[in-house]
Amino acid sequence: MDAIQIIEKKRDGLALCAEEIAFMVSGYAEDRIPDYQAAAWAMAIYFRGMTAQETVDLTMAMVRSGSTIDLSPIGSTVVDKHSTGGVGDKTTLVVAPMVSAVGLPVAKMSGRGLGFSGGTLDKLESIPGYRTRLSMAEFYDVVQKSGIAVIGQTKDLAPADGLMYALRDVTATVDSPPLIASSIMSKKIAAGCQALALDVKFGSGAFNPTPERAYELARTMAELGRLSGVRTTALITDMNEPLGRRVGNGLEVAEALDVLSDA
């Protein structure tokens, strides 16, 4: 296979087969395909989109680029949630501890900010000494002992997504439903959660400007979850106003702690 031919095929609006997608993903993860070709491929996807099957194939190719973790021995349903983010979005900081407190283990692999809003990891790293990089063994142990772990993407779990995630942020290819959906769901599948809640936002403070765009993304991710055996539900929520009264990584952590203290 040839990367240029695959880029041309997607540029011309044609669907890629699973083997072509796997070639691009594994080639980029293994440093056989350079940044400029991966960026061209991402831009072709941005403008031409992907079919449902292409999005499934992209997601699973990123899952297969690394290891997966089995959390089932913990003994109960391990859950996760994902918010697509927005101005002042501190949902994970509040919801995840509350869910864990009622007895459901939370195993969450979070990302950094894409575009204009900070990610959960950026917020948590404002806490002195907080470590977002754990090995898979440490991740498992923390979930088992504490009932909750929120970490960054490891070099072992969906590493191709980590590379594509960083590339998209600097090549103006963030706002692409198949790239967003495959990025989010590849991490969730690899990290071993059994049930997943999705908070898909729309409005002036989110990258989905309209409810219709948010619905398209939510539907795509829910279908990816179903096909991979992860029980997935999605909510479409309004991001036309900041969430809460404080915006900024450290300020949002402080506000989340205030909310939890009053809960």
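The questions and answers below go through a predicted model of one protein chain.

Residues are numbered from 1 along each chain as its sequence is written. In this predicted model, local features need pLDDT of at least 70, side-chain atom pairs count only at pLDDT 80 or more, totals for chains, interfaces and linings use all residues, and side-chain values use heavy atoms, with hydrogens and water left out.

Q: How many helices and strands are there in the protein chain?
A: Helices (H or I, at least four residues) and strands (E, at least two) are DSSP runs, numbered from the N terminus. On that basis the protein chain holds eleven helices and five strands.

Q: What radius of gyration does the protein chain have, and what would a compact globule have?
A: The radius is taken over C-alpha atoms, and the globule rule is 2.2 Å times the number of residues to the power 0.38. The C-alpha atoms fill a box of roughly 55 × 40 × 30 Å along the principal axes. For 263 residues the rule gives a value near 18 Å, and the chain agrees with it at 18 Å.

Q: What percentage of the residues of the protein chain count as buried?
A: Buried means under 20% relative accessible area, exposed over 50%, and partly exposed in between (1.4 Å probe, protein chains only). Of the 263 residues, the buried share is 49%.

Q: What share of the contacts with a separation of 6 or more comes from residues 24 or more positions apart?
A: A contact means heavy atoms within 4.5 Å. Among contacts in the protein chain with a separation of 6 or more, residues 24 or more positions apart account for 74%.

Q: Is Val106 buried or exposed?
A: Val106 lies in strand β2, residues 106-110. Beyond four places in sequence, Val106 touches residues including Ala96, Val99 and Ser100; of these, Ala96 and Ser100 are buried residues of helix α5 (91-101). Because its relative accessibility is 2%, Val106 counts as buried.

Q: Which residues does Asp199 contact, leaving aside neighbours within four places in sequence?
A: Asp199 is found in strand β4, residues 195-202. With a relative accessible area of 10%, Asp199 is buried. The contacts of Asp199 are His82, Ser83, Thr84, Thr91, Leu235 and Thr237.

Q: Which side chain makes a polar contact with the side chain of Thr132?
A: Thr132 lies in the loop between α6 (120-124) and α7 (136-146), and at 4% relative accessibility Thr132 is buried. A polar contact is a pair of N or O atoms within 3.5 Å; within protein, one must be able to donate a hydrogen and the other to accept it, and residues adjacent in sequence count only if both atoms are side-chain atoms. At 2.7 Å, the partner of the Thr132 side chain is that of Glu125.

Q: Where does Ala158 lie?
A: Phi of Ala158 is positive, near 45 degrees, in a residue other than glycine. Ala158 counts as buried, because its relative accessibility is 0%. Its place is the loop between β3 (148-152) and α8 (159-169).

Q: Is Asp31 buried or exposed?
A: Asp31 lies in the loop between α2 (18-29) and α3 (35-48). Its phi is also positive in a residue other than glycine, near 65 degrees. The relative accessible area is 68%, so Asp31 is exposed.
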